[in-house]
Amino acid sequence: MTQPTTLSLSSTSTTTGTAASADWRVFAAAIRESLLFEHSGWATISGVITTHPPYTAPTDAPVSAVSAVPKSAPAEASSAPARPLDTASTLPRTDLDDILDYVEAEAEAAAALMSHAMPPVPDASGTEAAVYTLRPAVALAVTRLAATFGSPAALYEALSTPGSLTVLSADSLGLEEILYKVLDHILSRPRFWPEDAPLPKAIRADETVLAKDNRKTGAGPIGQLVPTVRTALETRRAIVAVAAAAGTLPTALRALTPHVIRLTALDRAMLAAILTDAYPDAGGRNASDRNDGVVAALACLPQDARCKGLGPDDLVLAMRSPTLEGAIAALVRIAAPDTADGPGLADFPLPQEVREPLEQMVTDLLAWQAGEIPWKDVTRGLLLSGPPGSGKTEIPRLIARSAGINVISGSIADWSSEGSRGSEVIKAMRECFARAAALAPAILFVDELDAVGDRDRMGDNNRTWTEYVVTGLLAAMDGFEGHEGVVIMGATNHPDRIDKAIRRPGRFDRVLHLGYPTHDLLPAAIRWQAWPDLADADLTGLAAQASGMSGADIAGLVRSARARARRAKRPLTCDDLSATLRDLRPPVSPELQWQIAVHEAGHALTGAATGIARPQMLAIQGGGGVTQQSLLRRSQRRNEIADTLANDLGGRAAEILIFGEPSGGAGGDANSDLARATQAAAALELSWGLGQDLIWLGDPEGVLARLRLEPLLRARVEARLQAAQARALRIVDTNRAVLDQMATALLRTGVLTGPDLEALVAKVVPDAAVGPVSGQTPPGQATGAPIPRAPVAEKSRATGDVVSPSDGQAGHPEAHLLTIAPEQVNARAAQDVRTGPDRADNTNTPPDPDIVRPFAA
């Protein structure tokens with residue numbers, strides 16, 4: 001037997017079995033004959049397919065079988081068998097011979113009448129003897145086991161070393177149970193194992209350790225083993241554990257550094273041998289006995305790379321066909337790769353900082369499959385983070401299609417559907433990992449990863465269950481570390497809710513933050529969803545109307561537009577999309593549009609004046625507006641947070657300056673400007689150690705609850721917000737002319753971006769934080785004293801008086817009497833795709849995320 005390649009799998013040595021020659025066919029035939037000889041129900045099944053014609057009475061049937069029916073019986077009952085008690089009284093019974101002849105005649109008549117319901121019983125000559133064959137799963141296990149070792153001598157040499165611990169990895173979901181039975185059969189037969197040689201202890205890998213409830217607290221790997229395995233170790237008896245995949249081994253068993261032998265993957269030659277055994281009438285097992293039709297059919301089998309992914313269930317489904325040709329055709333369909341038409345990863349709308357690592361993964365996977373790089377150099381361990389509808393579940397499919405590999409998806413919801421108990425969830429989880437190993441190369445995609453739980457989460461009433469499931473997931477991920485061909489990816493809406501041990505480097509090396517399509521990606525997002533229509537259409541204007549929409553929103557927009565086009569019996573056009581978008585986002589009044597334009601221009605001004613962000617796009621939507629900016633500084637110092645607070649309140653300050661009072665557009669849900677500013681100000685005091693106290697009192701997301709209970713803390717946060725608003729008022733007042741020009745341009749076009757926006761931003765007068773806005777205590781002021789409250793409204797540049805609502809509109813040519821409209825019922829508020837302030841040591845966050853500033857009408 002040729003020594004296979006040895007790979008690194010944590011602390012476990014791994015061997016991929018390969019037979020040296022075609023001797024494995026002889027070995028497989030011997031195992032097959034041994035199983036067929038015993039007719040074991042788990043291994044064999046009758047290959048005879050019997051059909052029964054409708055019943056007709058035989059012409060030589062006894063008289064009692066056809067004439068014993070009373071004349072008064074209905075015609076349809078004439079074929080019913082005669083009852084022995086009815087006929088016995090009418091026949092003479094002179095002696096024992098007459099009685100026996102009568103009983104025999106009645107039995108023959110009954111058998112003739114019931115022949116349509118019972119299969120024929122083979123006679124002693126054997127001409128109709130049942131033909132037994134191996135079950136498909138057993139045939140697969142026998143063939144792969146024989147191909148791995150090649151001969152009984154090689155099997156004995158590999159498994160008989162005293163004190164050895166060997167793991168046989170099936171790398172096929174559902175095959176490990178059959179493989180264990182086949183191995184147990186082989187070890188107990190002198191034909192394969194010497195009579196005078198000690199037998200190894202054969203056991204299923206998942207049965208080698210004690211159940212969690214039966215373990216002693218703090219027990220080591222040996223203490224977690226079942227008594228029979230522990231005794232085998234102590235007596236130096238060879239142990240053979242059968243597993244679905246090497247990566248699913250229990251942690252205690254993996255700690256013992258077993259020698260892992262992975263069964264040789266199924267190829268065309270093995271598959272041909274299995275099929276010719278199952279269809280003996282198609283030409284026999286020998287190639288010389290096969291006719292041209294059989295040879296041509298076997299030549300259509302999938303290539304080796306596709307055969308390796310076929311499992312027991314696939315063979316069962318394919319071999320339902322009564323002909324070899326039909327079974328082969330079914331296997332070809334099952335093994336066919338994903339050839340779905342449509343745009344690929346290169347066409348999917350992604351920011352460059354996300355696209356680069358994904359394309360690098362595809363390049364590495366292709367290079368690894370070509371043998372150009374080792375597996376350890378392949379990019380993997382990516383965690384996709386983003387709001388719902390941002391494309392997290394689509395990306396793994398696109399990567400798999402581009403690399404020509406499979407994708408297996410799972411989630412805690414899928415695993416819990418098999419049972420709510422922790423052990424049932426872990427079992428389903430391991431099966432999912434084993435399926436990925438069987439189809440390798442493959443991507444194992446774990447969706448909604450945050451639902452698994454966090455062991456450090458406070459107030460978790462299911463803490464024990466969470467610890468058990470998280471530990472099981474960690475063990476599965478560690479088991480697949482270095483497992484060639486399996487790439488693990490995850491997705492989450494809340495990366496902060498994932499257990500720190502799961503998201504650490506080594507399991508997930510990088511976190512890629514996805515957001516909703518920005519203004520420059522919206523045309524590609526619409527074209528992606530509308531494929532194959534509108535391939536060459538100019539979608540710039542339509543993209544401006546759809547600003548702030550998620551990928552899922554755009555998909556729904558395209559579906560509705562297609563329905564509109566179908567009703568008109570014509571192809572999809574841009575007019576259909578535009579009309580559908582108007583239905584989804586009803587236009588607002590001119591007064592409200594002007595208010596929205598002022599609000600968004602205020603954000604752009606404060607971002608540019610403070611230097612904290614660069615405006616990229618301003619847009620007016622149905623029911624609200626959106627400003628997209630890019631962060632320029634991420635040092636998370638006190639003055640930077642003060643700049644961020646002023647930027648958050650820039651829209652509100654612009655409304656105060658122009659209209660004399662703010663609207664509710666800066667507040668609302670947890671993604672609103674005011675909510676983000678409040679959270680940042682509270683975190684500055686309680687989480688980041690940048691306020692009056694050094695103590696840490698909670699995560700930034702959890703400190704808001706303290707404001708409801710602590711008036712003094714609430715006053716400090718309020719003072720910071722008032723100071724930030726005063727600074728924002730100063731900025732917009734200094735840049736009043738630019739504010740008017742920017743808001744007017746936005747009102748006129750509905751979207752402001754590119755050179756037009758850059759020209760206006762270039763006119764903004766920079767602002768420097770002074771006094772208490774920076775968060776420092778002014779000289780001469782006692783520590784802990786309240787920060788001076790800033791005025792609510794600044795003076796107008798024109799009159800020097802406090803701005804009134806009428807003054808703000810009278811001087812503007814496009815302004816009208818403002819009437820604050822209620823929130824549009826069908827309007828969708830733009831989502832905030834800005835990530836929260838990151839710590840300076842966070843290397844997983846892209847350097848320039850988009851900031852979307854919503855305006856809620």
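Predicted model: local features only at pLDDT ≥ 70, side-chain atom pairs only at ≥ 80, totals over all residues.

Me: What makes the pair of Tyr 156 and Trp 193 edge-to-face?

Reply: The structure holds 4 aromatic pairs. In this one the ring centres are 4.8 Å apart, within the 6.5 Å limit for a pair. The planes meet at 65 degrees, and angles over 60 count as edge-to-face, so the label applies.

Me: Why is this pair said to tie together separate parts of the sequence?

Reply: Tyr 156 belongs to helix α6 (residues 152-159), while Trp 193 sits in the loop between α7 (176-187) and β6 (201-204); the parts so joined are 37 residues apart in sequence.

Me: Is Trp 193 called buried or exposed, and why?

Reply: Its relative accessibility is 2%, and buried means under 20%, so Trp 193 is buried. Tyr 156, at 30%, falls between 20% and 50% and is therefore partly exposed.

Me: How do you know which geometry Phe 348 and Trp 528 adopt?

Reply: Their ring centres lie 4.9 Å apart and their planes stand at 85 degrees, which is over 60, so this pair is edge-to-face. Phe 348 has a relative accessible area of 8% and Trp 528 has 13%; both values are under 20%, so both residues count as buried.

Me: Which residues touch the most other members of the largest nonpolar core?

Reply: They are Val 182, Leu 271 and Leu 275, in a core of 63 residues. Helix α5 (residues 136-149) supplies the largest share, 10 residues.

Methods. Residues numbered from 1 in each chain as written. Heavy atoms only, no water. Phe/Tyr/Trp six-rings, centres within 6.5 Å; stacked < 30°, edge-to-face > 60°. Helix = DSSP H or I, 4+ residues; strand = E, 2+ residues; numbered from the N terminus. Buried < 20%, exposed > 50% of the residue type's maximum accessible area, 1.4 Å probe, protein only. Core = buried A, V, L, I, M, F, W, Y, C linked by side-chain atoms within 4.5 Å.
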